[in-house]
Each structure stands twice: as C-alpha cells, then as structure tokens.
Amino acid sequence: MVLICNHIQSIYDDEWKNDVLYYTGMGQTGDQSFYFMQNKTLFESNDNGVQIHLFEVFKDKEYTYTGKVKLAGKPFTGEQQDSLGKTKVVCIFPLKLLNNRLVLSDDIDSAFSIKEKEARKLSDDELKHRIAQRVL
C-alpha cells in the first residue's frame, strides 16, 4: 500500500508529532469509515501483512519517499473539513516509520512557505474557524 502525505495541497491536517504521523484516511466528502476500501486495509495492516510505503510532498509535483511505516497505535476518529468546507468525521491513523526519517529542512521550509501564503489569503473569521478545527 502506498500513502501520500501532501503537505502543500491537501484538505486534510496530516502532521508529524514527535516520530508519529497522524495520517487522515480516505474520502473527501461525507464521514469516513475504518471499514471502507483503503481505510480498512490500513486499519488492519498490523495483522493483514500489507506493507505500507509513505511518500511526502513538500514541493509541487515532487514526491519524496519517506519509508515503510506501520500503525503506531490504535486509529481514532476526529473532525475536519471536507472538500466542500463541511465538517465531517475522519479516520486518523497514527503511523511510525520502521527506519529513520530523513527530511531536508529546505523541503519543510518550502511547504511551510506555501501554507503561509495560502493563509494570508483567508479572512480573519476563516482563520479562526480553521484554527478551532485543529484543536484535538
């Protein structure tokens, strides 16, 4: 299984905290389920023998192979906005690399710069709403 974590063009809030990536499951509109398509495969991946390979996007159209990952804990649900801007239930998968993570600081800076430019285009009310949505 191949997962792509796009840090510059994604409706989801995938993020690394310490050495764990909190990866949002599949489905752009409507509530997500742990028992739907790839979400089910990922949910059962510690038992079903499927290898999971992670790629990250820090620059437009440039995919960086991060490495093999596995579930680092029990998946859980949260709330995020869908592609239509409506709040929905999402599946969140805590993933840990099986090897060391190597990401260049230039890549992180590039992704952050793009997100910062997008944020500057938003109204104060929209920024406040998005910040409130990120509270876990």
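Tutor: Gladly! Let's begin with pairing: two strands pair if DSSP finds at least two bridges between them. Helices (H or I, at least four residues) and strands (E, at least two) are DSSP runs, numbered from the N terminus. This is a predicted model, where local features need pLDDT of at least 70, side-chain atom pairs count only at pLDDT 80 or more, and totals for chains, interfaces and linings use all residues. Residues are numbered from 1 along each chain as its sequence is written, and side-chain values use heavy atoms, with hydrogens and water left out.

Student: What makes strand 6 and strand 7 a pair?

Tutor: Strand 6 (residues 76-81) and strand 7 are joined over 6 bridges, in the antiparallel sense. The definition asks for at least two bridges, so they pair. One of the links joins Gly 78 to its bridge partner Val 90 in strand 7. The two strands form a hairpin with 5 residues between them, and Gly 85 in the turn has a positive phi of about 85°.

Student: How many helices and strands are there in the protein?

Tutor: There are 4 helices and 7 strands. From the N terminus, their order is β-β-β-α-α-β-β-β-β-α-α.

Student: Why is Ile 52 called buried?

Tutor: Buried means under 20% relative accessible area, exposed means over 50%, and partly exposed is in between (1.4 Å probe, protein chains only). Ile 52 has 2% relative accessibility, so it counts as buried. You will find Ile 52 in strand 4 (residues 52-59). Of the 136 residues of the protein, 32% count as buried.

Student: Which residues is Ile 52 in contact with, leaving aside its neighbours within four places in sequence?

Tutor: Contact means heavy atoms within 4.5 Å. For Ile 52, the partners are Met 1, Leu 3, Leu 42, Ser 45, Gly 67, Lys 68 and Val 69. Met 1 is 51 residues away along the chain, yet the C-alpha atoms of Ile 52 and Met 1 are separated by 4.8 Å.

Student: What makes a group of residues a nonpolar core?

Tutor: The members must be buried Ala, Val, Leu, Ile, Met, Phe, Trp, Tyr or Cys residues, joined through side-chain atoms within 4.5 Å. Here the largest nonpolar core has 15 residues, and those with the most contacts inside it include Leu 3, Tyr 23 and Phe 93. Strand 7 gives the most to this core, with 4 residues. In soluble globular proteins, nonpolar side chains tend to be buried together.

Student: And why is Ile 4 called partly exposed?

Tutor: Ile 4, in strand 1, has 40% relative accessibility, so it falls between the two limits and counts as partly exposed.

Student: What makes Lys 17 and Glu 15 a salt bridge?

Tutor: A salt bridge needs a side-chain nitrogen of Lys or Arg within 4 Å of a carboxyl oxygen of Asp or Glu. In Lys 17 and Glu 15 the closest N and O atoms are 3.9 Å apart, so the pair meets the cut-off. The structure holds 1 salt bridge. Lys 17 is partly exposed at 35% relative accessibility, and Glu 15 is partly exposed at 27%. Side chains of opposite charge can pair when their charged atoms come close.
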